[in-house]
Amino acid sequence: MSLNLEDVARIARLARIELSAAEREATRDQLNDILGFIEQLQAVDTAGIEPMAHAVDVVQRLRPDVVTETDRRADFQAVAPETEGGLYLVPRVVE
Amino acid sequence: MSGLINSSLRELSAALAAKKVSAVELATLFLDRIEKFNPALNAFITLDRDKTLAQARAADERLKAGTGTTPLTGIPLGHKDIFCTRGWRTSCGSQMLANFVSPYDANVVEKLAAAGMVTLGKLNMDEFAMGSSNETSYFGPVRNPWDVSRVPGGSSGGSAAAVAARLAPAATGTDTGGSIRQPAALCGLTGLKPTYGVVSRYGMIAFASSLDQGGPMAKSADDCALLLNAMAGFDARDSTSLERPTEDYGRDLDMPLAGLRIGLPKEFFGAGMDADVRAAVEAALAEYRRLGATTVEVQLPNSGLSVPAYYVIAPAEASSNLSRFDGVRYGYRAPEYGDLTEMYSRSRAQGFGAEVKRRILIGTYVLSHGYYDAYYLKAQRIRRLIAADFAEAFKQCDVIMGPTSPSVAFAFGAKSADPVQMYLSDIYTISTNLAGLPGMSLPCGFGNNNMPVGLQIIGNWFGEAKMLSVAHQYQKATDWHTRMPEGVK
């Protein structure tokens with residue numbers, strides 16, 4: 001199957017990446033090339049094979065519920081585009 | 001003193017210990033070379049002479065006091081710009097992070113600094129490590145010191161070019177699908193990707209978390225062993241860091257090759273490899289036989305599926321990892337936007353380059369409702385088949401060998417218009433990442449246009465010491481790894 005312009009617009013919206021109408025066509029062609037290439041996976045019989053999500057089989061470690069970090073809010077907010085009084089500023093979302 | 005640019009790390013260490021050179025002198029030697037040669041190569045993208053020299057002075061204090069020193073104290077290196085480095089710009093080769101000065105150190109940076117190593121600067125790379133030629137960097141491509149009209153490989157292209165041009169004795173790199181080994185091959189270096197989980201990913205900007213591993217890039221296996229000793233180890237801040245006893249990765253360096261069984265996957269010696277690469281790799285195998293090793297044909301029947309499986313799994317993980325770049329907490333924010341959604345989508349559209357966006361879109365698609373089973377789970381099942389092939393092959397051999405890259409370094413623009421052709425540059429390296437295995441590349445001769453060829457060694461899980469010893473024995477018998485490009489002499 002191959003993607004049409006509507007599919008590309010939907011994927012871009014899900015990924016929160018703005019695409020202009022002109023970019024959408026080139027993107028459709030490139031994505032279809034890549035999807036055409038990965039299509040060969042479909043021909044492989046993988047019945048009964050467990051998906052391998054990770055390179056090593058380890059279980060999630062737990063740690064004691066204690067504070068391990070110091071408060072460095074100012075340092076971490078110094079790299080933000082816009083902050084005020086310790087808060088991150090974004091366009092109004094609740095009227 | 002200029003002879004020191006070709007010295008091994010052990011030789012530099014001995015010179016520092018004997019007070020024949022100071023850490024400040026050594027750092028200055030390389031900073032001066034960077035000033036002279038970097039404009040033509042574009043390997044370093046951030047330099048800070050004052051910070052470097054302050055670190056060097058601190059190393060000299062340690063050396064003078066004679067306490068708390070390690071074999072690496074006072075030796076300078078460059079960090080791939082994917083490693084967060086406190087107080088240094090850490091851009092990951094992207095406009096998204098072009099103004100990001102990291103407030104903390106990656107575990108690898110922290111460990112190498114604790115060992116007394118001196119940071120020369122930050123090294124150029126493909127944007128977010130997505131590329132095999134360094135052409136996707138926001139800061140422009142790195143040029144191959146062997147021929148500046150050719151790519152250095154990628155994504156750790158700045159690291160490879162810097163060490164090859166002797167602008168640094170060593171560098172850090174990361175490898176998600178071949179990003180240490182392929183540039184090492186294309187620039188004539190020795191580079192090692194450890195077993196997944198051996199080196200902490202804390203502070204290493206994430207691309208595909210189940211595949212990413214940091215590792216050393218240097219002139220020899222001996223150098224890589226010293227560096228890996230300082231880089232490896234458990235770190236509670238990386239949830240997949242492995243709790244294993246500390247190892248000396250150099251412990252087997254002097255073990256002779258007699259009795260070594262080298263597996264040669266017939267899939268790695270097929271039609272895809274250029275004739276010049278084949279000739280150099282075959283000659284290296286003949287040298288190994290002369291040194292007492294035996295070769296046996298093995299099979300990796302699913303290895304041909306590794307590139308397509310990777311281009312489902314890696315973009316899927318990338319689309320998730322890179323969702324953090326939203327223009328809110330750090331990174332680029334578009335100058336004009338209406339509502340919050342538009343702020344996100346414009347910041348991401350403008351802050352990311354074309355290849356990164358392509359991979360995010362592919363990843364978003366394969367994880368989306370209705371396609372998850374057909375693409376993502378399918379690729380994960382094939383990933384298990386690929387790993388099982390290796391486990392089977394290692395019943396017949398101690399290490400696996402083959403080419404690192406199907407060709408020598410190619411010209412700028414040769415593959416950049418066709419993503420799939422570029423992806424196939426990593427055809428011999430990707431399967432080891434999928435399986436979590438360690439892999440190395442070491443120089444084994446020169447091909448067309450006098451460009452370096454890399455021999456790949458794939459080790460069994462946790463077989464780093466074995467791999468390093470196999471590489472070191474070859475480097476004792478040959479001198480390919482000592483060659484230096486003419487243009488930077």
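Visitor: Where is B:Asn42 found in chain B?
Guide: B:Asn42 sits in the loop between helix 2 (23-41) and strand 1 (44-47) of chain B. Helices (H or I, at least four residues) and strands (E, at least two) are DSSP runs, numbered from the N terminus. Keep in mind that this is a predicted model, where local features need pLDDT of at least 70, side-chain atom pairs count only at pLDDT 80 or more, and totals for chains, interfaces and linings use all residues. Residues are numbered from 1 along each chain as its sequence is written, while chains are lettered from A and ligands numbered from 1 in the order in which they are written.

Visitor: Why is B:Asn42 called buried?
Guide: Buried takes 20 or more other C-beta atoms within 10 Å of a residue's own, exposed takes 12 or fewer, and partly exposed is in between, with C-beta atoms placed from the backbone. B:Asn42 has 20 of them within 10 Å, so it counts as buried.

Visitor: What is the phi of B:Asn450?
Guide: B:Asn450 has a positive phi of about 60 degrees, although it isn't a glycine. B:Asn42 also has a positive phi of about 60 degrees without being a glycine. Most residues other than glycine have a negative phi, and most peptide bonds are trans. The peptide bond from B:Gly154 to B:Ser155 is cis, with omega near 10 degrees. B:Ser155 lies in the loop between strand 3 (118-123) and helix 5 (157-164) of chain B.

Visitor: Which residues have the most contacts inside the largest nonpolar core?
Guide: B:Ala162, B:Val163 and B:Val312 do, in a core of 165 residues. It lies between domain 1 (2-253) and domain 2 (304-381) of chain B, because both give residues to it. A nonpolar core is a set of buried Ala, Val, Leu, Ile, Met, Phe, Trp, Tyr and Cys residues joined through C-beta atoms within 7 Å. The domain bounds come from an automatic or database domain assignment.

Visitor: What is B:Val163 in contact with?
Guide: Two residues are in contact if their C-beta atoms, placed from the backbone, lie within 7 Å. Leaving aside neighbours within four places in sequence, the partners of B:Val163 include B:Ala168, B:Leu189 and B:Met217.

Visitor: How many residues does the contact take from chain B and chain A?
Guide: It takes 52 from chain B and 40 from chain A. Helix 12 of chain B gives the largest share of chain B's side, ten residues.

Visitor: How do you know that the model is one the predictor trusts?
Guide: pLDDT is the predictor's confidence in each residue, from 0 to 100. Chain B has a mean pLDDT of 97, and 100% of its residues reach 70 or more. For the complex, the predictor gives an ipTM of 0.96 and a pTM of 0.97.
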